[in-house]
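I set out to record how the chains of this model meet. The entries follow the order in which I looked things up.

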Number of protein chains: 4
Amino acid sequence: MASSISTKLFLGAPDGSARLGSLQSPQMLPSPGLKLPARRSQSRRLEIQAAGSTYGTYFRVTTFGESHGGGVGCVIDGCPPRLPLSEADMQVDLDRRRPGQSRITTPRKETDTCKIASGVADGLTTGSPIKVEVPNTDQRGHDYSEMSLAYRPSHADATYDFKYGVRSIQGGGRSSARETIGRVAAGAVAKKILKQYAGTEILAYVSQVHSVVLPENLVDHESLTLDQIESNIVRCPNPEYAEKMIAAIDAVRVKGDSVGGVVTCIARNVPRGLGSPVFDKLEAELAKAALSLPATKGFEFGSGFAGTFMTGSVHNDVFYMDEHGRIRTKTNRSGGIQGGISNGEIINMRIAFKPTSTISRKQNTVSRDKNDTELIARGRHDPCVVPRAVPMVEAMVALVLVDQLMAQYAQCMLFPINPALQEPLEQRKSEQAQIPL
Amino acid sequence: MASSISTKLFLGAPDGSARLGSLQSPQMLPSPGLKLPARRSQSRRLEIQAAGSTYGTYFRVTTFGESHGGGVGCVIDGCPPRLPLSEADMQVDLDRRRPGQSRITTPRKETDTCKIASGVADGLTTGSPIKVEVPNTDQRGHDYSEMSLAYRPSHADATYDFKYGVRSIQGGGRSSARETIGRVAAGAVAKKILKQYAGTEILAYVSQVHSVVLPENLVDHESLTLDQIESNIVRCPNPEYAEKMIAAIDAVRVKGDSVGGVVTCIARNVPRGLGSPVFDKLEAELAKAALSLPATKGFEFGSGFAGTFMTGSVHNDVFYMDEHGRIRTKTNRSGGIQGGISNGEIINMRIAFKPTSTISRKQNTVSRDKNDTELIARGRHDPCVVPRAVPMVEAMVALVLVDQLMAQYAQCMLFPINPALQEPLEQRKSEQAQIPL
Amino acid sequence: MASSISTKLFLGAPDGSARLGSLQSPQMLPSPGLKLPARRSQSRRLEIQAAGSTYGTYFRVTTFGESHGGGVGCVIDGCPPRLPLSEADMQVDLDRRRPGQSRITTPRKETDTCKIASGVADGLTTGSPIKVEVPNTDQRGHDYSEMSLAYRPSHADATYDFKYGVRSIQGGGRSSARETIGRVAAGAVAKKILKQYAGTEILAYVSQVHSVVLPENLVDHESLTLDQIESNIVRCPNPEYAEKMIAAIDAVRVKGDSVGGVVTCIARNVPRGLGSPVFDKLEAELAKAALSLPATKGFEFGSGFAGTFMTGSVHNDVFYMDEHGRIRTKTNRSGGIQGGISNGEIINMRIAFKPTSTISRKQNTVSRDKNDTELIARGRHDPCVVPRAVPMVEAMVALVLVDQLMAQYAQCMLFPINPALQEPLEQRKSEQAQIPL
Amino acid sequence: MASSISTKLFLGAPDGSARLGSLQSPQMLPSPGLKLPARRSQSRRLEIQAAGSTYGTYFRVTTFGESHGGGVGCVIDGCPPRLPLSEADMQVDLDRRRPGQSRITTPRKETDTCKIASGVADGLTTGSPIKVEVPNTDQRGHDYSEMSLAYRPSHADATYDFKYGVRSIQGGGRSSARETIGRVAAGAVAKKILKQYAGTEILAYVSQVHSVVLPENLVDHESLTLDQIESNIVRCPNPEYAEKMIAAIDAVRVKGDSVGGVVTCIARNVPRGLGSPVFDKLEAELAKAALSLPATKGFEFGSGFAGTFMTGSVHNDVFYMDEHGRIRTKTNRSGGIQGGISNGEIINMRIAFKPTSTISRKQNTVSRDKNDTELIARGRHDPCVVPRAVPMVEAMVALVLVDQLMAQYAQCMLFPINPALQEPLEQRKSEQAQIPL
């Protein structure tokens, strides 16, 4: 009979569960709190090994791989040809993202060395897809064996099961922070295009860790440099607050706990006119890009949530003519975006990251077999994600801006510009010809 | 000679500007602060009359029209066939959105009566595109004549010019709140599908106006009803705070000023499994949808920015088995979404709206001719946008959820579900069969 | 009980059919061959009134409307700003498409006068969506009343019912040729951009009607002009064969029958480099665009099906350097496209159109109630669609090329070109500066 | 000065060409007809190593890799979870596609052994992306060294240079037939879903080689089997004509020449209702998919170009009720598609393939340095592509149908069907429950 056959094949019937072997039989159910030894062979049978997706319309990035497969990376489709590019361009940001870089990140060891597998010849992009690969070198799958039986609180284990109806992976699979390697590599290419084309610079830094909040007036967005940000392991450009943040992380780290924080990101020298008026407003694209990063809980730009406490007469950004004859705003509560379109001022935004879900303390939860259980995660984890989230945020912002730049170029630069109202997209390139590319 | 011809056509040359007529000649420049009479014939020549775009992959909405054309509306592509639908289904939400509904909204008078122009026959959707039209009835274009010469602070006037290189419209065109009529109409269809299919309910309300902040514990998201929200003109379900909020709006209204605020939105009975693991996480889609609304400055869900102040051991949502044998979480700091996928708990989010940019006070600005000027807006405006933003937020959330529902249905429901891990998407439909459709 | 309620609402149950009224009851079934009088009020209840969709990624066209609603048209999203545009630019092609233009087209009378409703100001495109509307003036719905009960052979009546499960429209709705008005209007804009930008010209003509086949050597694609094509009512540039074709159409027209034919289309001065290497090859996009037109059965380009009879040594196009130092091919069996990318030679293609399905002869069929019946269509129809298909084909080819031009511009022109291998996209513009735009 | 710096970087200036090294200097220009030895190190420097892209909206395939890199493959995004899948499912079709399978294909030796790298666990798809890899084992790059200097006639060498402005790859890169491995692997998954879900079968065969044309009446599409097609090396189900076709290929093979041909493809048991009414008609999608395959020149379905010679009264497909109470057509000139939507009859189509461009004969051409030259290709090649194109065509048709199936499922099956007009998509599944999956 057809239906029973099909049922068996799709696990929908009692017989279907039998196919999964003895795991679901009563004698195999984990006792609450029981710490099982690593059963490598079995856990392999249960793995879900992937999940990949695509960002962008013009400059299109597909990431692939997961924390426990052979490696991770990305394919970049639509990159302009003839851009000078090498692994070194990407490695800088990959090194800022990699685990084990300091005592306040996960001790997991990975070199995260990238290789350009296609799309670059003779040091120049060819216009065809760029494939970047990073092998996984530290694969201690047994660290996660217990988790394969218990839903880790505030992780994706349970929702993957709810969605796909298949027993899920140890280690988080595609929801792992390791997936972001592909994003950071692609973001480095996007950053290079933006800098090359228009002198655009994207810089993120940590502005809050737990209750340590960096006062806004301590950072000058006009003069902020990468060196200032990279001068300490927490990536806060103010040394005094950096110390406080590091101390806050150390405090929870020794207790096996974790804390949240905020990353601030700015984009300087963004060409005017990027974004579009209705559903695809520039701030909407940035919000989506930011909240596609793991562990994010919120996004604000310009005056943000604080702006809701103002009156319009205070909040509005007054226009004026600057000394170069450019239309500028005196304040920047608009955050560089008005009506969904960039206005040439600095774009600024803040992204909230929750405390890392993986902690070393005992937690109550339920197993995949729907029994109450306890869990002590033994996987290595970041006590606070924000120091490593800094290059991820920069990457996502760069991917949004380069996609919008290409959109603007295709539509509005096809014919000669109208200099009475527009300025060349690449106007300020000359100002920084001296910047090494 | 070719180049000069082409140059003239595209306004890129001195001659090009001449084609625009006398507007740019010195004698036509507006004196600072000069209040010009309505020059209807001329302002028409300067109008940009549109900007439309599309949201969604499966349930796809294109809005059209602007504040000063013949009307606005939307085309809904991909709506399931055989859904009972009439204008009344949409009019409810359009009435919640329309101007002039109370003293704390703009006095602009519009009935916003919608008409289904295609896609419904005999009271049922046909599966082909649904076109909804709402005529503009109150078109006082002269209210905006002065603005056509001056960049209104924190509006889209300047950025439209920067982007397109064409003199822009009075009234804001596609960036007008009037464009959201199409979204609200489409959102009403999406809400009906969600309720019909899975008993999903989407409710938004005002949780902050200026410095009046509704304490979270005063609203029970499990039992919140539309009637509670609609019981007062500011759409705050707590009567006491509603009064305070109304007073706060009245206080700035009489001064010609404006205030910002926050809209909270929940989605109840959302099927598990909606969303996807990487770039298109459910929270990322919601953030984009929310920040595509005019005047928004921030988005957070679950614990949001406040969650950054917690430790992981406090923040994590503990799993347990409820009395119906369903896997639940004891707390909901995840906001109903884990790893980008809905987990069946209530989805909650907060969206920040800035104070309305249009105010009746004199403001310094520059004209499109790059001269300093003053501006006193005489257009009618909302002293606070959040009461009318409530149905807009609900609509955008509904558009996201129905699109994700269809995505989940196409991918993961094609074959029989695995009841050991999944539950039917429409599980709870029966619970509310009594709800009139 | 929930399920029965939902069942009734979605027509899935016996009761559901009852909701449709008396139509399905036995006494209402049409007798075979019975010619029912126009029952306007009832047929209205049965109408499906729409179906709309979108073509293009960069230059994006959505058509709306159907043969029996208030009108038809399109929304063009992504059009470059500052392009001179007026209704006259579109009306030329709409007049070539409209019914009633000669004795060999349907006698249905429509002026098909278009109106630009938004997106153009002061004679220039604004960059925001262009909405073009054409009202329906000749709506004799009663002509189709009988068809609402019988599936017209080789029409879309049956498949719409199969797909959507709702009783379908008289007149064909969105599958009507009337839907193509929006395509022709948008195509006229695309043609103007292509001509303006790169001197590209797109010309289609009738090369076969029934058994009258125009020998290829009688048309010189290098010198072919629009005037030659428009010199007769069948749109064949050779007067002698035009006469034969007209006679062939007249022969079936008087018998109430119809014939098929072939439209040949060329694109001259297409910039090199359009298209992409894998799934989105230029020929693949052209094939899709062509076969999205009603009544098409086949597409070939370059040597086409005839090329399958050749050997490689004969078929290959030999490269040579021309007198201007450009790399050219001596023959053009590649049809201007190699490896999915335009090579600068003339792009040529042939599209097969079946004989019109609507004929005035009695045909056997089945009714929507699944009874055998006979049908005599009394709607007016084209005895041969190809003369009116000519501007439709040109429009679809233009939509493909402008979308690909913008794609190429966004990706490969962002940085200065490499003149050793590339040439400017707009290179030949100067050659035809004298062409009135 | 900025511009000169940027110019150097992007090869746009005289200096830029110097960066490419001595290749462009006069003494390095190849003499006409000169046969250079393989200069491996240099040719490597000149390689363009990729080009990848994506097909599908719901079931989305991205292919990667090229003929001379480490390998090829695909990522399948959106595959339904819980489908039984193993490498063996794909290997069958990969073996039908691989080179060296018989004397009438290229002698290049590749085993084309595939490996599922992610997306399948415990023999079932997980719902997350499936990555399939096939290593390249036969890489004789030196076969192509000469070609890197001369544009091979009717290949993509020249157009890649025109498009990207970078010196291109030996071996064709992404335009190589090797890229189709990823398509065939993904197509095998699509075929399995279609068969599993609805009993749909897709079968292609060779119906013409050079002047050997298989008469249509010699193949019965109702009873055609895979075994009949695979019974000979040319994949023509009629043994007599298969012999003639093989002889025709042998005849050109020994002369170093090539011939073209036609592949016919049918899809049986396609659910009714697939496709959509306007731009995305089912036939339009099939045409695009078919013409995205290398070497294709034309596509027709149903009556095709031959149908243009008929009258409507002969061409129309008469509806009738069959013995099972289903609405059927007596003839099938519509090719199973009416109004862009499948009607349940067999979908049939014919695809024209040109004679292979690579031949072993001497050909005149120009070099990349724009000098006249001669070329004798020494790469191994297929004397006729159609025997190996058979599984490629099946794969592309399967990708179209599964994407449309998921689209139809998401839109029109969300609510209970209307059995008066619709039938379940999976209706005929039971008929073949006995088919091993």
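**Entry 1**

Strand S11 (residues 296–301) of chain A and strand S11 (residues 296–301) of chain B run antiparallel and are joined by 3 bridges. I then asked which residue is the bridge partner of A:Phe299 in S11(B). The partner is B:Phe299. I note here that the model is predicted.

**Entry 1: extent of the A–B interface**

I looked up the contacts between the two chains. On the chain A side 122 residues are in contact, and they meet 121 residues of chain B. The buried area between chain A and chain B came out at about 9,500 Å². Carbon and sulfur atoms give 63% of that area.

**Entry 2: polar interactions between A and B**

How many salt bridges are counted between chain A and chain B? I find 4 salt bridges. I inspected the one that B:Lys288 forms with A:Asp280, where the closest N and O atoms are 3.0 Å apart. That separation falls inside the cut-off, since a salt bridge requires the side-chain nitrogen to lie within 4 Å of the carboxyl oxygen. For polar contacts across the interface of chain A and chain B, the rule gives 42 residue pairs, both residues being at pLDDT 80 or more.

I next asked which element gives the largest share of the side of chain A that touches chain B. Helix H5 (residues 157–164) of chain A does so, with 7 residues. Sorted by class, this side of chain A holds 51 nonpolar, 47 polar and 24 charged residues.

**Entry 3: the C–D interface**

I repeated the look-up for chains C and D. Here 123 residues of chain D are in contact with 122 residues of chain C. Chain D and chain C bury about 9,500 Å² between them, with 63% from carbon and sulfur atoms.

The rule finds 4 salt bridges across the interface of chain D and chain C. One that I inspected links C:Lys288 to D:Asp280, with 3.0 Å between the closest N and O atoms. I also recorded 40 residue pairs in polar contact between chain D and chain C, both residues at pLDDT 80 or more. Helix H5 (residues 157–164) of chain D gives the most to the side of chain D that touches chain C, namely 7 residues. By class, I list 51 nonpolar, 48 polar and 24 charged residues on that side of chain D.

Strand S11 (residues 296–301) of chain C pairs with strand S11 (residues 296–301) of chain D, antiparallel and over 3 bridges. Within this pairing, C:Phe299 has D:Phe299 as its bridge partner in S11(D).

**Entry 4: relation of chains C and D**

The same surface serves both copies, as 99% of the contact residues of chain D recur in chain C.

**Entry 5: positive phi values**

Finally, I checked the backbone for positive phi in residues other than glycine. A:His210 has phi near 50 degrees. A:His210 sits in the loop between strand S8 (201–209) and strand S9 (212–213) of chain A. C:Lys370 has phi near 70 degrees, also a positive value in a residue other than glycine. I located C:Lys370 in the loop between strand S17 (362–366) and strand S18 (372–376) of chain C.

Definitions and conventions
Residues are numbered from 1 along each chain as its sequence is written. Chains are lettered from A and ligands numbered from 1 in the order in which they are written. Side-chain values use heavy atoms; hydrogens and water are left out. Contact means heavy atoms within 4.5 Å. Buried area is the accessible area (1.4 Å probe) that two parts lose on being put together, summed over both. A polar contact is a pair of N or O atoms within 3.5 Å; within protein, one must be able to donate a hydrogen and the other to accept it, and residues adjacent in sequence count only if both atoms are side-chain atoms. Helices (H or I, at least four residues) and strands (E, at least two) are DSSP runs, numbered from the N terminus. Ala, Val, Leu, Ile, Met, Phe, Trp, Tyr, Cys and Pro count as nonpolar, Asp, Glu, Lys and Arg as charged, and the others, Gly among them, as polar. Two strands pair if DSSP finds at least two bridges between them.
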